[in-house]
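Please look through the model below with attention to its side-chain contacts, its pockets and its strands. The paragraphs that follow lead through these topics in turn.

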Amino acid sequence: QVRLLESGGGLVQAGGSLRLSCAASGSIFSVVAMSWYRQAPGKERELVATITRDSSTNYADSVKGRFTISRDNAKNTVYLQMSSLKPEDTAVYYCNQKVAGPGTIYNYWGQGTQVTVSS
């Protein structure tokens, strides 16, 4: 059973930084990509950043130049380094793992971690 455990959220002032971590366990098939999503109150969940198995990265336009996604394969952990945080970055951040199964892609989610940026 795949488990994703996020940590690192909290309260920070605008302009500050936070680093989120997502520790993965139980992936018995090929991990295609890992991503961070976020969901603010009253809004839909949106993709923030993705890192693929060949280490390609993609970012939402709203976070480009401020956020960096990375991973430590030895620790099965993905990170999201967030800098120059803005109040509009306030949201619950979710880790997502896409795993290739027989003829399909499985999506797994963490429980989420709250990030609050004060102005």
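In this predicted model, the side chains of Ser35 and Thr50 are joined by a polar contact of 2.8 Å. Ser35 belongs to strand S4, which covers residues 30–39, and with a relative accessible area of 3% Ser35 counts as buried, because that value is under the 20% cut-off. Once the neighbours within four places in sequence are set aside, the residues in contact with Ser35 are Leu47, Ala49, Thr50, Ile69, Tyr94, Cys95 and Asn96.

One of these contacts, Asn96, leads on to a strand pairing, for Asn96 stands opposite Trp109 in S10. Strand S9 (residues 91–101) and strand S10 (residues 104–109) run antiparallel and are joined by six bridges. Two residues lie between the strands of this hairpin, in which Gly103 adopts a positive phi near 75°.

Sorted by class, the lining of the largest pocket comprises seven nonpolar, eight polar and three charged residues.

The second largest pocket holds about 180 Å³ of space. Its lining is made up of 13 residues, and Arg38, Ala40, Lys43, Glu46 and Glu88 lie nearest its centre. By class, the lining of the second largest pocket divides into two nonpolar, three polar and eight charged residues.

Arg38, one of the residues nearest the centre of the second largest pocket, is also touched by Asp89, a residue placed in the loop between S8 and S9. Is Asp89 buried or exposed? Asp89 is buried, because its relative accessible area of 1% falls under the 20% cut-off. Leaving out residues up to four places away in sequence, Asp89 touches Arg66, Phe67, Ser84, Val115 and Val117 as well as Arg38, and with one of these partners, Arg66, the side chain of Asp89 makes a side-chain polar contact of 2.7 Å. Asp89 and Ala14, though 75 residues apart in sequence, have C-alpha atoms 9.4 Å apart in space.

Methods: Residues are numbered from 1 along each chain as its sequence is written. This is a predicted model: local features need pLDDT of at least 70, side-chain atom pairs count only at pLDDT 80 or more; totals for chains, interfaces and linings use all residues. Side-chain values use heavy atoms; hydrogens and water are left out. Helices (H or I, at least four residues) and strands (E, at least two) are DSSP runs, numbered from the N terminus. Buried means under 20% relative accessible area, exposed over 50%, partly exposed in between (1.4 Å probe, protein chains only). A polar contact is a pair of N or O atoms within 3.5 Å; within protein, one must be able to donate a hydrogen and the other to accept it, and residues adjacent in sequence count only if both atoms are side-chain atoms. Contact means heavy atoms within 4.5 Å. Ala, Val, Leu, Ile, Met, Phe, Trp, Tyr, Cys and Pro count as nonpolar, Asp, Glu, Lys and Arg as charged, and the others, Gly among them, as polar. On a 1 Å grid over the protein atoms alone, a cavity is a set of points where a 1.4 Å probe fits but cannot get out, and a pocket is an open set with protein on both sides within 12 Å along at least five of seven lines; lining residues have an atom within 4 Å of a point. Grid points are joined across faces, edges and corners, and a volume is the space filled by probe spheres set on the points. Two strands pair if DSSP finds at least two bridges between them.
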